[in-house]
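Hi,

Here is the structure for your files. My notes on what turned up follow below it.

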Amino acid sequence: MSKILIIGETADGKLNSGVAKVVAAAQAIGGEIVVALLGADVSGAAAEAAKLDGVSKVLKVERAENAHILAAIYAPQVAELAKDYSHVLFPGTAFGKDLAPRVAAKLDVQQLSDIMHVHGATRFDRPTYAGNAITTVEAPAGIVVATVRLASFTAVAAGGSAAVEAASTSAALPSHTRFVKMEAQKSERPDLQAASKVVSGGRALGSSENFKVIYDFADKIGAAVGASRAAVDSGYVPNDLQVGQTGKIIAPELYFAIGISGAIQHLAGIKDARTIVAINKDAEAPIFEVADYGLVGDLFTVVPELTSKL
Amino acid sequence: MKALVSVKRVVDYNVRIQVKSDGSGVVTDGVKHSMNPFDEIAMEEAVRLKEKGKITEIVAVTIGGDKSEETLRTALAFGADRAIHIKEGGEVQPLTAAKAFAAVLKKEGAQLFIAGKQAIDDDANQTGQMVAALLDIAQATFASKVEVDGNKAVVTREVDAGLETIEVDLPAVITTDLRLNEPRYLKLPDIMKAKKKPIDATTFADLGVTPGAGFKVTKTAPPPTRSKGIVVKTVDELVAALKAKGLL
């Protein structure tokens with residue numbers, strides 16, 4: 001039977017919402033599921049993780065050096081914990097992508113990125129070529145170290161009550177990496193990767209001031225705000241709003257692509273959205289090929305009208 | 001100090017990928033290839049650090065068949081001083097690539113290993129981190145700003161919540177994110193000069209690397225296609241359609 005270790009991500013003492021999706025992937029693999037949380041004090045997040053359905057145990061790996069998430073510091077500890085497990089799973093976030101390969105190399109195993117479907121304990125699907133090809137792979141013998149593509153799994157419910165245990169490792173920690181500062185983008189809006197509705201704007205917005213029509217509409221329907229790479233590169237919005245191959249991969253119920261042409265790299269980030277709505281003045285824009293509903297028109301008239309009619 | 005920059009020849013990012021009908025992979029024959037876009041950013045950053053006097057020599061390195069030499073020539077045209085071609089055809093998974101790069105890094109005594117954050121073919125996002133792990137040196141992934149000062153580097157990283165800044169001791173691995181820089185446009189005289197710069201050939205065997213067991217690809221399929229959508233004429237029609245589906 002598989003023994004699965006999930007390395008949970010936390011921020012400000014809270015559990016990242018993606019962890020509940022990693023648990024869903026672990027359930028698809030089947031077996032005992034343990035969540036490990038690293039930090040200086042992770043009791044709050046551990047209590048949240050303990051409630052996730054299917055989790056049998058939560059390990060708290062608390063020490064002062066773990067206060068900031070640094071892959072070089074976390075990796076030796078995770079590699080030591082991993083030895084008792086058949087699978088080590090990470091959320092496919094910046095945290096997981098930074099840490100998982102470092103852990104895999106320490107364990108001398110190849111790593112699997114972005115599990116999007118589980119066929120069995122050693123057989124998985126993952127996207128390649130910006131999601132334009134889906135590859136089925138068979139893992140070799142040994143520990144499977146993988147990141148899970150959050151957009152492909154539905155979060156498990158929070159009805160469980162797993163035991164929370166303190167755990168420690170004897171791993172020596174390096175001193176070559178030091179945290180300096182974090183400039184977080186504060187937002188009152190829903191989190192882009194967890195939101196059921198997302199409104200994204202593209203280059204056609206023309207300026208950061210004009211992005212107001214996107215924010216107004218998003219706020220009206222309680223949606224998160226996203227953006228294309230072009231809008232980010234032009235400085236209209238901060239880069240953590242970028243949706244696409246090199247930004248965030250999302251799968252909301254409803255996605256509005258406004259003034260976004262639909263480059264391959266953008267489509268890679270939204271392919272799993274349940275319903276896609278495109279608003280663009282160019283009827284030939286590639287976004288209309290994937291949109292469930294398309295409206296050809298000037299966004300500066302269409303979007304305010306849409307906002308006013310809801 | 002010396003910087004090693006890894007570059008990869010990939011299917012050009014503008015190409016519309018075709019999956020082979022027998023499920024054995026994607027069509028790459030006769031398809032335009034170019035340098036992985038994140039590696040162009042890595043090359044550009046190395047050249048800028050050299051222009052600022054922070055590094056003295058740039059060595060470009062790639063793993064691939066004969067055609068990968070074109071990618072090394074591009075790196076040399078960017079401003080690499082010389083190149084190393086690890087001649088291995090076929091699929092190379094990240095840990096194997098990382099072992100080869102780590103061996104070169106050690107042999108060259110380079111203080112910086114600059115790589116793209118991911119290759120746009122396998123989308124793995126692993127190699128840089130693995131090089132750092134194998135050598136037990138620092139890593140600064142998804143870099144959007146790099147400042148090298150003596151034997152340290154201060155790197156701003158793009159993380160999900162915003163921007164994080166870390167300080168790392170050298171030697172270190174840096175992987176580049178899109179907003180680190182705008183790669184320069186290569187000029188004809190530089191492309192001509194690049195033809196004369198040296199490229200050394202080596203192999204995994206020379207470097208003492210044995211590819212271990214990896215993930216075996218059993219099938220490659222196109223993504224599921226979305227059913228054809230509807231074009232509505234007015235905002236009212238759109239609102240009615242979304243409300244009918246219970247989405248608004």
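**The interface of chains A and B**

The rule finds 10 salt bridges across the interface of chain B and chain A. A salt bridge here is a side-chain nitrogen of Lys or Arg within 4 Å of a carboxyl oxygen of Asp or Glu. One joins the side chains of A:R178 and B:E167, at 2.8 Å from N to O. Another links B:R157 to A:D98, with the closest N and O atoms 3.2 Å apart. B:R157 sits in strand β8 of chain B and A:D98 in helix α4 (residues 94–106) of chain A, so this pair joins two chains. Over all chains, the search of the whole structure gives 39 salt bridges.

Before you go further: this is a predicted model, where local features need pLDDT of at least 70, side-chain atom pairs count only at pLDDT 80 or more, and totals for chains, interfaces and linings use all residues. Residues are numbered from 1 along each chain as its sequence is written, chains are lettered from A and ligands numbered from 1 in the order in which they are written, and side-chain values use heavy atoms, with hydrogens and water left out.

Now the extent of the contact. On chain B, 79 residues are in contact (heavy atoms within 4.5 Å) with 83 residues of chain A. The two chains bury about 6900 Å² between them, 54% of it on carbon and sulfur atoms. Buried area is the accessible area (1.4 Å probe) that two parts lose on being put together, summed over both. B:D160, B:F215 and B:R226 supply 12% of the area that chain B buries against chain A, more than any other three residues.

Polar contacts come next. Across the interface, 44 residue pairs are in polar contact, both at pLDDT 80 or more. That term means a pair of N or O atoms within 3.5 Å; within protein, one must be able to donate a hydrogen and the other to accept it, and residues adjacent in sequence count only if both atoms are side-chain atoms.

Several elements give two or more residues to the side of chain B that touches chain A, among them α3 (94–108), β7 (138–149) and α7 (235–244) of chain B. Helices (H or I, at least four residues) and strands (E, at least two) are DSSP runs, numbered from the N terminus. β9(B) gives the most, with eight residues. The residues on this side divide into 40 nonpolar, 17 polar and 22 charged. Ala, Val, Leu, Ile, Met, Phe, Trp, Tyr, Cys and Pro count as nonpolar, Asp, Glu, Lys and Arg as charged, and the others, Gly among them, as polar.

**A sheet across both chains**

Which strands make up the open sheet? The order is β8(A)-β9(A)-β10(A)-β12(B), with antiparallel pairing. Two strands pair if DSSP finds at least two bridges between them. β8 (117–118) of chain A and β12 of chain B are the edge strands, each pairing on one side only. Six bridges join β9 (residues 123–128) of chain A to β10(A). Five link β10 (residues 133–138) of chain A to β12(B). A:I134 is the bridge partner of A:P127, and B:A221 in β12(B) is the bridge partner of A:I134.

**Backbone points to check**

The peptide bond from B:L170 to B:P171 is cis, with omega near 5 degrees. B:P171 lies in the loop between β9 and β10 (172–176) of chain B. A:D114 is not a glycine, yet has a positive phi of about 60 degrees. A:D114 is in strand β7 (residues 111–115) of chain A.

Best wishes
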